[in-house]
Amino acid sequence: MVVVCAMCMMSGSLFAQSGTIDSKFGLDSLKTLQMASICSQYVKNKQYADALNSWRYLFFNAPAFQMRTYINGETIVRDAYNRTKDAKYIDTLMMIYDQRIKYFGKDPRYGEAYLLGKKGADLLRYRKNNRESVLEAYNCFVKSYEMTQGKTQPNVLRNMFNSAGTLLKMESMETSAYVDLYMKLTDFLDNAVTMAKDPAPFKDAKGDIDAMFIDAGIADCEILTNVLSARYEANPTDVVNLKGIASILRRSECLDGELYANVAEALYAAEPDADAAYSLAILFGRRQDYDKMEEYLKAAIEKSDNAESKSEYYLKLASIKLSKNQYTEVKKLCNEALKGNPSSGEAYILIGKAYAAYAPKYGSEDFDHKTVFWAAVDKFQTAKRVDPSQTDEANRLIALYSQHFPVVKDGFFNGLQEGDTFTIGEWINEKTVARFTKE
């Protein structure tokens, strides 16, 4: 009996041994395990207020114990802040990120870069009106980006540009630096969209960053020209620089000035690829030289191996063909565009417009002409279904051309009533449904 008790005492003594704060179980291994069990149970039951004391022990006395301490800590501390609105809990949340980086920053998946992204996001969430906090958030995102490079998550890029926009408004970032950042991020995202297995998150981030850039109030052509002219003059033959400048000027529709002309021509001279050809096409379009515009659009299509970009080129060319009343070409080009981007509402809009414009030439009777508007409206309906951004324009066109549907009595004399299937012939070659207006 004495021997057994002695062994138990020895075992307990070994198990409850003290250590250093940086050791696996912290200062007191037995207490660490007890506090971890208590904290885990409270968190499991969503009793976050009750979990606070046991969590504090782990955080301050066994920081290297396990990553779960920090994951639970975020939940517990956010709950405390939401209940009290006491700013000290935001300080604690930042401490959680910093200490987790110290002890678990080398985790291959949830390491320092990941944690910097989270810390920056929370600084923006809770202290977006504090200049120093926004600057700290921005630096977190920049460091996260630099650490991950090609593997940076879209949210980090989105938040980085969001924080940069806030700093711009606070007059803590120069306009030129903001534009440089925009060019850097959009270039990264353009490549990511092409290379990623799932490009959708990168497309969404790019759309959000484009919108933030426009909303920042510096997309004014005079401001951009001043900023970008200096950039152009510093590197007038650098292809990457020229492409970035051309891209911003196109997105901001600042195409009438001398800068865009110089950049477009220099770009094509330096590297006559699809992007350079497209830049010149847009330039000649602004000058209303549509033959030249068509020439360079065809060159861009021929040189491009990017399906989405090629889709855009086809649509621009289709618009020219529509203005020249070449309706069959409009449909052919739009169908090519849809191969690269099946969700292009603009392609369906253009096909519908081509149908509507051709209507007076279809058939021999007034009734024949008016049936074409059924097919046109079908295309506008499809446009807003596949691309919600086209809803307003599609609805406007639907309202406009629905007025030209045949009247009921004309349908009666032609053996048709509401809802009957009907085929439009010739190059249109569409099955549609009969619809009528009132007398």
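Before going on, two notes on where the numbers come from. This is a predicted model, in which local features need pLDDT of at least 70 and side-chain atom pairs count only at pLDDT 80 or more, while totals for chains, interfaces and linings use all residues. Residues are numbered from 1 along each chain as its sequence is written, and side-chain values use heavy atoms, with hydrogens and water left out.

Back to Thr 32, then. You'll find Thr 32 in helix H2, residues 29-44; helices here are DSSP runs of H or I with at least four residues, strands are runs of E with at least two, and both are numbered from the N terminus. Who are its partners? Leaving aside residues up to four places away in sequence, Thr 32 touches Phe 25, Tyr 57, Leu 58, Ala 62 and Phe 65, where contact means heavy atoms within 4.5 Å.

On a 1 Å grid over the protein atoms alone, a cavity is a set of points where a 1.4 Å probe fits but cannot get out; a pocket is an open set with protein on both sides within 12 Å along at least five of seven lines; and lining residues have an atom within 4 Å of a point. Grid points are joined across faces, edges and corners, and a volume is the space filled by probe spheres set on the points. There is one cavity of 30 Å³ or more, and the largest cavity has a volume of about 40 Å³. Its lining includes Ala 36, Cys 39, Leu 58 and Arg 68. H2 and helix H4 (68-84) are the elements giving two or more residues to that lining.

Now for the second largest pocket, with about 620 Å³ of space. It is lined by 28 residues, and Tyr 114, Thr 148, Lys 151, Thr 152 and Gln 153 lie nearest its centre. Which helix gives the largest share of the lining? That would be H6, with six residues.

Taking a disulfide as a pair of cysteine sulfur atoms within 2.5 Å, the count comes to one. Cys 221 and Cys 254 form it, with their sulfur atoms 2.1 Å apart. Cys 221 lies in helix H11 (residues 221-234) and Cys 254 in the loop between helix H12 (239-251) and helix H13 (258-270), so the pair ties together parts 33 residues apart in sequence. The link is left-handed, with -90° about the S-S bond. Cys 221 is partly exposed at 31% relative accessibility, whereas Cys 254 is buried at 7%.

Last stop, helix H14. H14 spans residues 274-286 and reaches 19 Å from its first C-alpha to its last, close to the 18 Å expected; that expected span is 1.5 Å times one less than the number of residues. Is H14 mostly covered or mostly open? Mostly covered, since 12 of its 13 residues are buried. The cover includes H12, H13, helix H15 (290-303) and helix H16 (307-323). After H14 comes Gln 288, with a positive phi near 60°.

Note on methods:
Buried < 20%, exposed > 50% of the residue type's maximum accessible area, 1.4 Å probe, protein only.
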